[in-house]
Every structure is written in C-alpha cells, then in structure tokens.
Amino acid sequence: MLFLRPLVKRGCRGLRIRQIRGLATAADPTVNQSREHTHHTTGDHVKIVEVGPRDGLQNEKKTIPLATKIDLIERLAKTGLTDIEAGSFVAPKWVPQMADSDGILEHILKLPSESQKPIAYSFLAPNARGLENAMSILRKYPTAFNTFESQPQSPLGSTQSPTPGETAKSPAQNKPYIEMSVFAAATESFTQKNLNCDIETSLLRFKDVILGAKAAGLRVRAYISVALGCPFEGRDVDPRRVAEIATDLLEMGADEIDIGDTTGMGTAPSTRNLLKAMQAAGIRNEDIAMHFHDTYGQALVNTIVSLEHGIRTFDSSVGGLGGCPYSPGATGNVATEDVLYFLDSLGMKTGVDLDAMAEIGEWITGEIGKPNASSAGKAIMGRRRRSL
Ligand SMILES: CC(C)(COP(=O)([O-])OP(=O)([O-])OC[C@H]1O[C@@H](n2cnc3c(N)ncnc32)[C@H](O)[C@@H]1OP(=O)([O-])[O-])[C@@H](O)C(=O)NCCC(=O)NCCSC(=O)C[C@@](C)(O)CC(=O)[O-]
C-alpha cells in the first residue's frame, strides 16, 4: 500500500527515510564531490531552477521553432543560472509543443556551454518509454555530460548495472549535467487528466524512471503537482497525502521533491501547513524545491513563507511564461525576474543576472507573441528605454 498510511506511523517513517536516503541526499558528507552541483543551499544562497523552456512553453498552441527554444536555452545559460528545465519526453500527441525535446537534448550534448559552472538541464519523463527516449540520445554522447556515482543498490533493494555516461569524480566545467524529472500529482482527478492513470499506477511507472535514471548516474527531480489546490478537486488538498507521496518518491531514490502549486491556489497558511506536514514526515528542507504559479498573485507571498521555513530552491519562468495544459485557467509560473528582484531586496544571493534575465523575458515574450508577465522585467526594460 503506497499511500494513506495511518498518521501515527509517520514519525518513524521519517526516520526511515533519513536512514534509507543516507547515500542519496545532497547533505551527506560521504557523497561524491560531483554531487556538489546538487548543493543543498542554505543561509542567504537560493537556487533558481528556470523552467521557462519546458513549463513555460509546453502550453503554447502555436508551434515554436526548435531554433527559438535552443536560442532561449542558450541565452538563459549565460545569465549565471545553474539549473534549466529544458524539455519533456512525454507522448507528443498529449503535449505536441514538447515533441522536439530530443533535438534540444542533442544540442545541449553537442555544444559545450560557455557558462562558468556546469549547468544541470532537466527533462520530464512520465514512464520508461520517456526515459528510454532520453537515454537513446545520451548513449550517443557518453562522455558529453557529467554524471553522479551510480548507486548499485537502490533504496528499494533493486540492483541496476551502470549505463553509459562518465562517472565524474570532479565535474568538467564545460559539460552539462542531465537530470530526469518525474511528475506525480496529489489528487486522483488531476493524475487521471495528466497521466491517464491513477496515482498508484503513476508511482509504479515513476519507479522505473527513477531507478533507470539513477543507474545511469542522472539526478532525479520528482514533482508533486496540484499540491496546494486542484482544478478538479478544489483548494483543500490534504498536505499529509502530499507528504506520503513525497516519501514514496524519496524512497524510490528521487533526489528532490518539487512541490507544484499548479493552479496558483496556494496561500501563506496553506503553504506553511504543507511544509509543516513535510517536516513531520521527516523530509528535509534541502530535499524540497517549490514551484509556484502566480495565477492568484500569491507566488511571492508563498515564496517568503517557504524561505522562512528554510527552503532554498525555487522554480520560476522567465517572463512569467507558462501554464499547464491539464490545469484549465492556470497562468504562468512566477516570473524569474520578479523572484530575482524580490530575493535581492531580502539580501539573498542567486548568482543570476537580473538585467540579462529581463532582456530575455522581453525577447521571448515578443517571439511567441505574449505579454510580458513579469512586473520587474517590464519596469527594468522601461527604465532602460527611458534612460536611452
Ligand atoms: C503518460 C502518457 C504517455 C500516458 O498516455 P496514454 O495514452 O495513457 O499511454 P499509452 O501507453 O497508451 O501510449 C499512448 C501513445 O503514446 C506513446 N507514448 C507513451 N509514452 C510515451 C513517451 N514517454 N514518449 C513518447 N510517446 C509515448 C505510446 O507509444 C502510444 O503511441 P501510439 O501507439 O498511440 O502511437 C501521457 O499521459 C503523457 O504523455 N502525459 C504527459 C502529460 C504532460 O506532459 N503534462 C504536462 C506536464 S505536468 C505539469 O505541467 C505540472 C508540472 C510538472 O509542471 C508541475 C506544476 O506546474 O505544478
């Protein structure tokens, strides 16, 4: 039984996660140096995961040329970002806009990055087929990317033999990391719409993806969508259910839980309650990322609640691009420019160039014919025009 376990067991279960995940978490001193990329960020440093090229573009009806997507990723890679979600190996008939993700991955592997640090590029995979589609490209360029040490013994006891890709003791600067992302959801209705199956089946499929990716030395992010509100079941999503699903994903070997406020219904109290439920389940802050959509204008409020709780990884999208094809009415992710401006006002460091990001926001929204949804981005570009 994967979920809906009695609450009373949760404390022990939390302890179990810590023991089981000892070798898999970023904070463990025994892990390979190359895991530094996963840096559990603390104090005043915040990691921004730019999701514009995937979550930002997946919902666009008009086909966006592969060259524009690659141009976007290359521009983003020069801003100081260390993490970019670049595409999605899902069924093209479900999300046509992501059909050229193989071309994006191949481009990333073929061209060395100009960035100062290795960049981690993540790709969604809903099932073993998605992972295999990504792996078939990775196998063509086995030395073109940094990997983490593979773990012969998975947390669930299955053994996997390592697959191609070098095992870098110290990461090569000009080689990217490639990560896979699975995407569970907190409600049955959303899971049916998004993945055409129930939660339990989706988790079984994700287990294949997680074990396969880890065996190949790839880091794995695990989304839990609609964690703070569901378009079909409403805003009262049970935080304990989210924590249970997170626990299952971590036990399968996922490196990070990405909490998705897909509908933007999250509020300061519901965000706080959810993070408390995660804590009660023994899930550490450094294994959590927050992914806010700004549909109700609460994303920055929820960001500060998360910062106060100790979370230091946040997803955002340049120009506020985005929306989920299976979440009617949901608008974009919180804009990267707004998050950067906000974090800077708090004295927090991201290493990302806000001015460069504002330029990219203006450019990409112009390219795809959408209004720029970033207030900070528009203000910066307006001020720049006035001072010319
Ligand atoms: C999971 C499935 C595939 C099930 O879809 P299905 O139709 O139930 O699956 P199927 O196994 O019957 O396969 C149907 C067809 O798709 C093919 N297929 C099967 N798998 C793949 C694959 N990986 N890549 C390419 N093709 C694939 C398969 O071969 C078959 O092809 P056909 O025989 O009809 O020609 C489908 O539901 C799917 O792709 N869903 C993805 C939905 C999606 O991408 N949603 C958006 C992302 S989630 C999100 O946005 C939220 C998030 C993460 O951003 C967080 C937040 O915002 O809060």
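The legends below describe several close-up views of one predicted protein model with a ligand.

The model is predicted, so local features are described where pLDDT is at least 70 and side-chain atom pairs count at pLDDT 80 or more, while totals for chains, interfaces and linings use all residues. Residues are numbered from 1 along each chain as its sequence is written.

**View 1. The protein chain as a whole.** The protein chain has 13 helices and eight strands, where helices (H or I, at least four residues) and strands (E, at least two) are DSSP runs numbered from the N terminus. Of the 388 residues in the chain, 54% are buried; a residue counts as buried if 20 or more other C-beta atoms lie within 10 Å of its own, as exposed if there are 12 or fewer, and as partly exposed in between, with C-beta atoms placed from the backbone. Two residues are in contact if their C-beta atoms, placed from the backbone, lie within 7 Å, and among contacts between residues at least 6 apart in sequence, 78% join residues at least 24 apart.

**View 2. The shell around the ligand.** There are 25 residues around the ligand, of which V90, G130, N196, G260 and T262 come nearest; a residue is near a molecule or strand if its C-beta atom, placed from the backbone, lies within 6 Å of it. Two or more residues of the shell are given by each of α5 (128-138), α6 (188-195) and β5 (219-225), and the largest share, three residues, comes from α5. By residue class, the shell holds twelve nonpolar, eleven polar and two charged residues, with Ala, Val, Leu, Ile, Met, Phe, Trp, Tyr, Cys and Pro counted as nonpolar, Asp, Glu, Lys and Arg as charged, and the others, Gly among them, as polar.

**View 3. The largest nonpolar core.** In soluble globular proteins, nonpolar side chains tend to be buried together. The largest nonpolar core here has 102 residues, and those with the most contacts inside it are A184, I224 and A246; such a core is a set of buried Ala, Val, Leu, Ile, Met, Phe, Trp, Tyr and Cys residues joined through C-beta atoms within 7 Å. Leaving out residues up to four places away in sequence, A246 touches I224, I257, M278, A281 and I283.

**View 4. Two loop residues with positive phi.** Most residues other than glycine have a negative phi. N196, found in the loop between α6 and α7 (199-215), has a positive phi near 60 degrees, and V226, in the loop between β5 and α8 (239-252), has a positive phi near 45 degrees. N196 is exposed, because 12 other C-beta atoms lie within 10 Å, whereas V226 is buried, because 31 other C-beta atoms lie within 10 Å.

**View 5. Helix α13 and G377.** G377 is placed in helix α13 (residues 375-386) and is buried, with 28 other C-beta atoms within 10 Å. Apart from neighbours within four places in sequence, G377 is in contact with G319, A335, E337, A358, G361, E362 and N372. The buried residues A376, G377 and I380 of α13 fall within an arc of 105 degrees seen down the helix axis, so they line one face of the helix; the arc is that of the directions from the helix axis to the C-beta atoms. The face turned away from this buried side carries the exposed residues G382, R385 and R386. What covers the buried residues of α13 includes α11 (336-345) and α12 (354-367).

**View 6. Helix α11.** Seven of the ten residues of α11 are buried, and the helix is mostly covered; the buried residues are T336, E337, D338, V339, L340, Y341 and L343. Their cover includes β1 (47-50), α10 (299-309), β8 (313-316), α12 and α13. After α11 comes G347, whose phi is positive, near 80 degrees.

**View 7. Helix α3.** The twelve residues of α3 (residues 66-77) reach 16 Å from the first C-alpha to the last, close to the 16 Å expected at 1.5 Å a residue, the expected span being 1.5 Å times one less than the number of residues. The buried residues of α3 are K69, L72, I73, L76 and A77, and seen down the helix axis they fall within an arc of 135 degrees, so they line one face of the helix. Among the elements that cover them are β1, α2 (52-56), β2 (83-88), α4 and α12.
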